There are 2 protein chains.
Amino acid sequence: MSLRHAALGLLALRGEASGYDLLGIFNESLEHVWPATQSQLYTELGKLTDAELVQVVAEGGRGRKAYAVTEAGRKEFEHWLLEEPPTTNRRNDMLLRVFFLGLVPPEQAREFLLGRAAAAAEMHERLRGVEESLTGEQGPLAVHGRIALEWGLRYSAMQDEWARWAAGQLTAEGAAEQPG
Amino acid sequence: MSLRHAALGLLALRGEASGYDLLGIFNESLEHVWPATQSQLYTELGKLTDAELVQVVAEGGRGRKAYAVTEAGRKEFEHWLLEEPPTTNRRNDMLLRVFFLGLVPPEQAREFLLGRAAAAAEMHERLRGVEESLTGEQGPLAVHGRIALEWGLRYSAMQDEWARWAAGQLTAEGAAEQPG
DNA sequence: GAAAACATGTAATTAGTTACATGATTAA
DNA sequence: TTAATCATGTAACTAATTACATGTTTTC
């Protein structure tokens with residue numbers, strides 16, 4: 001139920017914001033970490049209000065409602081952030097396919113893995129571009145954004161290397177090599 | 001909708017199996033890649049039968065039904081396996097928390113990251129145990145299982161290193177260091 | 001005779017997606 | 001005046017989880 005905590009956290013960062021404002025942040029900054037749809041977000045803000053974890057602090061034109069976290073909301077958020085262990089993502093579509101690669105000819109299995117390597121390499125390059133555009137940025141948000149970005153860089157590099165190694169395992173020569 | 005394809009794939013591997021048999025494989029072999037509940041699996045087998053991607057090939061005692069993939073099912077499975085690009089897992093609970101680490105004192109943020117490093121190291125050790133128990137195993141299933149295991153080893157190593165690096169970034173000394 | 005294992009199914013709930021539906025304000 | 005942006009809300013559907021519900025066969 002992390003959308004709830006993402007919303008609380010964004011309100012804690014911003015002080016106050018409307019659903020529309022939050023949606024903008026989800027689409028800009030959290031798109032690759034915790035996407036949310038408009039429908040889901042407005043529904044969640046309603047539930048958070050009922051639970052008294054946030055409250056409407058201002059109403060503006062066009063039906064705009066500005067929300068802020070309550071004391072209870074802040075507490076709930078910090079409990080989640082530091083006390084609750086992050087749930088690891090158990091489902092992995094790609095590894096599921098690897099499990100079944102024995103059902104197709106080795107050459108097609110190899111192609112699959114090399115395709116994954118290429119996709120990872122592409123992602124890596126895209127992130128390197130983001131990294132470059134970030135040099136010179138200051139502030140605490142830049143620090144944590146940089147840390148998350150570094151995760152992506154290492155993840156995509158790992159995936160690229162692994163997939164190329166795995167493709168090697170499927171060839172006669174590769175099967176004799178040691179992993180690493 | 002990968003549960004559908006996981007079920008098709010397992011039936012393709014096995015030739016035929018009951019819902020109960022498949023559930024055993026999900027719990028043993030696919031637990032860390034694509035978990036499924038009993039309720040979900042039986043429901044899916046019903047849908048797959050309606051869609052004529054599988055069919056009941058035998059009925060036994062205790063209401064047992066043995067399923068096998070149809071020609072259409074095999075086709076659908078192979079299309080999924082090789083043609084459809086794997087969907088990358090977009091939501092990452094841990095990175096979401098990293099995004100908000102600026103909201104708590106640096107020492108608590110550092111603790112959070114070192115906790116993640118420890119969890120990753122623990123996972124790595126657990127997988128190394130699995131790896132050892134696998135040496136000597138033969139056959140194509142062992143090859144692909146080994147490839148998936150290697151992903152887990154590299155992933156956990158990456159996460160451990162990254163989290164320790166990130167914790168370093170949050171200290172005065174660490175902030176001056178270069179990433180890598 | 002009791003427990004374990006085999007075997008299937010449904011109901012209720014939650015999280016998330018897509019689509020539908022409406023309207024106000026601002027900038028070109 | 002019209003298009004873009006701002007702004008909110010509901011409905012229908014899918015995937016997944018937890019709980020409920022039942023019964024048979026084998027093994028100790």
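## A guided tour of two chains and their salt bridges

Let's begin with a count: this predicted model holds 20 salt bridges over all chains.

**Stop 1: a bridge between chains.** Select B:Arg90 and A:Glu31. This pair crosses from one chain to the other. On chain B, B:Arg90 sits in the loop between helix H4 (71-83) and helix H5 (93-99); on chain A, A:Glu31 sits in the loop between helix H2 (19-28) and helix H3 (38-50). Their closest N and O atoms are 3.5 Å apart. Between chain A and chain B the count is two salt bridges, and the pair on your screen is a salt bridge of B:Arg90 with A:Glu31.

**Stop 2: the whole interface.** Now color chain A and chain B separately and look at where they touch. Across this interface there are 18 residue pairs in polar contact, both partners being at pLDDT 80 or more. Which helices of chain A supply at least two residues each to the side that touches chain B? They are helix H1 (2-14), helix H4 (71-83), helix H5 (93-99), helix H6 (106-134) and helix H7 (140-169). Select H7(A) next: this helix gives the most, with 17 residues. By class, the side of chain A that touches chain B has 36 nonpolar, 14 polar and 13 charged residues.

For the overall extent, select the contacting residues: 63 of chain A are in contact with 63 of chain B. The size of an interface is often given as the accessible area lost when the parts come together. Here chain A and chain B bury about 6600 Å² between them, and 69% of that is on carbon and sulfur atoms.

Stop 3: How far apart are they along the helix? They are separated by about one helical turn, because they lie four residues apart in helix H7 of chain A. Both A:Arg146 and A:Glu150 are buried.

**Stop 4: a link within chain B.** Move to B:Asp21 and B:Arg64, whose side chains meet in a salt bridge at 2.3 Å, N to O. This pair links distant parts of the chain, 43 residues apart: B:Asp21 is in helix H2 (residues 19-28), while B:Arg64 is in the loop between strand S1 (54-59) and strand S2 (65-69). B:Asp21 is partly exposed at 28% relative accessible area, and B:Arg64 is partly exposed at 36%. Back on chain A, select A:Glu131, A:Arg146, A:Glu150 and A:Arg154, which are joined into one network by salt bridges that share partners.

**Stop 5: A:Asn92.** Select A:Asn92, in the loop between H4 and H5 of chain A. With 14% relative accessibility, A:Asn92 counts as buried. Its side chain reaches the backbone nitrogen of A:Met94 at 3.0 Å, and a polar atom of that side chain lies 3.1 Å from the backbone nitrogen of A:Leu95. What else does A:Asn92 touch, leaving aside its neighbours within four places in sequence? It is in contact with B:Val33, B:Trp34, B:Asn89 and B:Trp151.

**Last stop: an annotated stretch.** Select residues 10-78 of chain A, where an unreviewed UniProt entry places the feature "domain: Transcription regulator PadR N-terminal". Over this stretch the chain is 52% helix and 16% strand, and the end C-alpha atoms are 12 Å apart.

Note on methods:
Residues numbered from 1 in each chain as written. Chains lettered and ligands numbered in written order. Predicted model: local features only at pLDDT ≥ 70, side-chain atom pairs only at ≥ 80, totals over all residues. Heavy atoms only, no water. UniProt positions renumbered as here; feature names shortened; annotations may be inferred. Contact = heavy atoms within 4.5 Å. Buried area = accessible area lost by both parts, 1.4 Å probe. Salt bridge = Lys/Arg side-chain N within 4 Å of Asp/Glu carboxyl O. Polar contact = N/O pair within 3.5 Å; in protein donor to acceptor, adjacent residues only side chain to side chain. Nonpolar A, V, L, I, M, F, W, Y, C, P; charged D, E, K, R; others polar. Buried < 20%, exposed > 50% of the residue type's maximum accessible area, 1.4 Å probe, protein only.
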